[in-house]
Amino acid sequence: MTTSPLIHDRKPGAARRGGRPGIALAVIAACQLMVVLDATIVNIALPHIQNALQFSTTDLTWVVSAYTLTFGGLLLLGGRAGDILGRRRVFMSGILLFTLASLLGGFAQEPWQLLAARVLQGVGGAIASPTSLALITTTFPEGPERNRAFGVFAAVSAGGGAIGLLAGGMLTEWLDWRWVLFVNVPIGLLIAVLTPMYINESERHSGRFDIAGAVTSTAGMASLVYGFIRAAEEGWRDGLTIASFTAAVVLLVAFALIESRAREPITPLRMFTDRNRAGTYVIMLSLAAAMFGMFFYIVLFVQNVLGYTPIEAGLAFLPVTVVIALGAGLSQRFLPVFGPKPFMLAGSALAATGLAWQTLISSDSSYVTGILGPMLVFGFGMGLNFVTLTLTAVSGVAPHEAGAASGLLNATQQVGGSVGLALLTTVFGTASRDEAEKQVSAFLAEGTAEQKAEFARTQQLPAPWGHEVLAQGISTAFVPAAAMAVLAVATAWFVIRVRKSDLEALSGTAGPGMG
């Protein structure tokens, strides 16, 4: 009996059908699409989830934040795991865990069951996502080929949010809200099957896991987010609100001390010594904080005020995908010529303009005048930024630290989104309560007896009074969102520099030691 030469000669960890980088990139991009898409695919189903499982409006934000916060908090540990244990192995483990959590979430009957599944999804995503980006850095050589691969990856990351809203609308309206979770199961299983066939295992590096850093950072950010959401419900003087913020400060200070003393920290502080990379993290943090809030509240507006069905709400976001792709393609083409600063500056300025425009939303706004225009401006700005930020964050990083660098970029996006949504929820809650006091008085004077009886039962104001409350809360919440984008503009202007070595690396002409 003889052994096939092809099998006998294949190196340990080599893909069974290697030599097809296009398919390898498709598998990696599919993973990223599923993970990123899941941050928004649930958004369209939020009103249905709220009714089915009896969430309050402020508690409903946890359906989003339970995923993004765990995802962002553990991304750095996931990146480190890929470096130490082998990226393909860790990539597959994350995909399978994410798939299992999606199945459990689809069967949830109580709020805590859904939130627990969302946390588990976040853990799976945190394991798979940074490893997928790191696999690109080790699969494609630096230069035009890697730029194209990053362009595909970044476009998927940027457009995945809008695609998720459309897919969520279709699944919710045609099937049931539970299918926004069930849909991940066949996709995840397919990725797990294809991965060992087309993706090589990476070289394993020695190292340790910074468990203390991962726990304190995640718990600290969770306490911070809970403090903001609690403040939206009970006010800033509430005892639990104060306790949450206190715990957040203690845990985050402990995290900083642990990282400064750890032999192999989960957040290598040297990543911040590069001026452009540090500026990139700040810009991503600021824009993600604004973006997550925009998706969450615009979804509520188009369904609850404009009366859109789930699929109509998903279609309303489709133009955003187009302009994001246009912006990403433009930046990918001209980034080697002009460097990152012009795209970061223009993209952040456009995002700030779109968000400032959305502060004008009112209960009388239509889709075209109040929603579409601002979203197109914002989306094109984000498209300019995503490819630029991704390439700048990992440019010049040593191969053995690629997982940590990419994980840190993704962590700033997810954690920034969680904290930003919580902050906007606090502003929304305060503005909504103030407006509700005015509208309740008007409702009691103008409402019918039947409407008053329904209000006594549900404590929910009917239209048009309820629409006024929601619109006022949303328009006010976009004020800090616009301020976050202005911070990104300032960072791009004062921190980011165009360097010859960066341009050479992006064009693939850098000499030894450059990049």
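The side chain of Ser363 forms a polar contact with the side chain of Glu468 at 2.7 Å; such a contact is a pair of N or O atoms within 3.5 Å, where within protein one atom must be able to donate a hydrogen and the other to accept it, and residues adjacent in sequence count only if both atoms are side-chain atoms. The model is predicted, with pLDDT of at least 70 needed for local features and 80 or more for side-chain atom pairs, while totals for chains, interfaces and linings use all residues. Residues are numbered from 1 along each chain as its sequence is written, and side-chain values use heavy atoms, with hydrogens and water left out.

Ser363 is located in the loop between helix H15 (340-358) and helix H16 (367-394). Helices (H or I, at least four residues) and strands (E, at least two) are DSSP runs numbered from the N terminus. Ser363 counts as buried because its relative accessibility is 17%; buried denotes under 20% relative accessible area, exposed over 50%, and partly exposed the range in between (1.4 Å probe, protein chains only). Leaving aside residues up to four places away in sequence, Ser363 touches Val305, His467, Glu468 and Ala471, a contact being heavy atoms within 4.5 Å.

The protein contains 20 helices and zero strands. Of its 515 residues, 57% are buried. Among contacts between residues at least 6 apart in sequence, 84% join residues at least 24 apart. Phe317 occupies the loop between helix H13 (310-316) and helix H14 (318-338) and is buried, since its relative accessible area is 1%.

The largest nonpolar core comprises 115 residues, with Ile49, Ile298 and Leu355 having the most contacts inside it. Its largest share, 18 residues, is contributed by helix H12 (residues 275-304). A second, separate core of twelve residues includes Val225, Ile229, Val415 and Ala422. A nonpolar core is a set of buried Ala, Val, Leu, Ile, Met, Phe, Trp, Tyr and Cys residues joined through side-chain atoms within 4.5 Å. Residues touched by Leu355, not counting those up to four places away in sequence, include Ala290, Met294, Phe378 and Phe478.

The accessible surface of the protein is about 20600 Å², 65% of which belongs to carbon and sulfur atoms; areas come from the Shrake-Rupley method with a 1.4 Å probe. Phe209, in the loop between helix H9 (184-198) and helix H10 (211-234), is partly exposed, with a relative accessible area of 36%.
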